[in-house]
Amino acid sequence: RLEAIGSLTAGIAHEVNNPLAYISTNLNTVDKFVAQLNRPEHLEGLPEELRVQARDAGESLDDAQEGFERISNLVARLKGFARSPDEGRSSAVTDAHALAQKAASMAGVGLPEAAIRVAGGEGQPIRGSEGAVTQILVNLLLNAVQASGSEPDIELDISRREDEVQIRVADRGCGIDEEALDQIFDPFYTTKRSGSGLGLSISYDLAERLGGRLEAANRKDGGAAFSLFVPAAV
């Protein structure tokens, strides 16, 4: 059944690649136009309001390009959903705290500065793909934000556990139904009205490919906690 789901997911990812190619081409075209527009000799002939909009357009394009790259990376992982668990393993060494800060910044757009707090793990090296670890953490953080209502209060803690590093994302939302805990990582299982049910299953698969694991639990004082365990580099 999982193999069939993997084939289906890979097929969907392949179809998504086509419109992504158009988006990439159009982004590059608009980027060149905005770059020309922002040249000093061209800006001088524009009204002040249009000058501001021209400068803002460059920043908006950067954000759009980053979003496009995230989608492209996700599609690439979806296409490999049914491949060998060892395929995602990497000998690359990266900093756990730096990755956590990066993921918190990406998931915290539009939120108060203190909504997502990162603690621990300064200088702690981990072994694995930077992109895969970041994608898992962003998925977990976005889920935590959605579960937290109007006032997110999310903790992202990093700690050493023998030969592993634990990166724990904890929220103070409504928690997870006990029955759902056994199915939370199953493909297409979701408690959201508009959810695809693939986010956590893909994250779980990525964690295993990294040589680690992903666990879920309820907090004693309310809310849910997801823990990503990855190999420590030292």
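Q: What is Leu 141 in contact with, apart from its neighbours within four places in sequence?
A: Contact means heavy atoms within 4.5 Å. With those neighbours left aside, Leu 141 is in contact with Ala 103, Ala 104, Ala 107, Ile 116, Ile 154, Leu 156 and Val 169. This is a predicted model, in which local features need pLDDT of at least 70 and side-chain atom pairs count only at pLDDT 80 or more, while totals for chains, interfaces and linings use all residues. Residues are numbered from 1 along each chain as its sequence is written, and side-chain values use heavy atoms, with hydrogens and water left out.

Q: Why is Val 138 called buried?
A: Buried means under 20% relative accessible area, exposed over 50%, and partly exposed in between (1.4 Å probe, protein chains only). Val 138 has 1% relative accessibility, so it counts as buried. Val 138 is found in helix α5 (residues 130–147); helices (H or I, at least four residues) and strands (E, at least two) are DSSP runs, numbered from the N terminus. Leaving aside neighbours within four places in sequence, Val 138 is in contact with Arg 70, Ala 103 and Met 106.

Q: What makes a nonpolar core, and which residues have the most contacts inside the largest one?
A: A nonpolar core is a set of buried Ala, Val, Leu, Ile, Met, Phe, Trp, Tyr and Cys residues joined through side-chain atoms within 4.5 Å. The largest has 41 residues, and those with the most contacts inside it are Leu 141, Leu 156, Ile 158, Val 165, Val 169, Phe 226 and Leu 228. Helix α5 gives the largest share of this core, nine residues.

Q: Why do Phe 185 and Phe 226 count as an aromatic pair, and of which kind?
A: Rings of Phe, Tyr and Trp (its six-membered ring) pair if their centres lie within 6.5 Å; planes under 30 degrees apart count as stacked, over 60 as edge-to-face and the rest as tilted. Phe 185 and Phe 226 are 6.2 Å apart, centre to centre, with 80° between the planes, which makes the pair edge-to-face. Phe 185 lies in the loop between α6 (178–181) and α7 (199–209) and Phe 226 in strand β7 (residues 224–231), so the pair ties together parts 41 residues apart in sequence.
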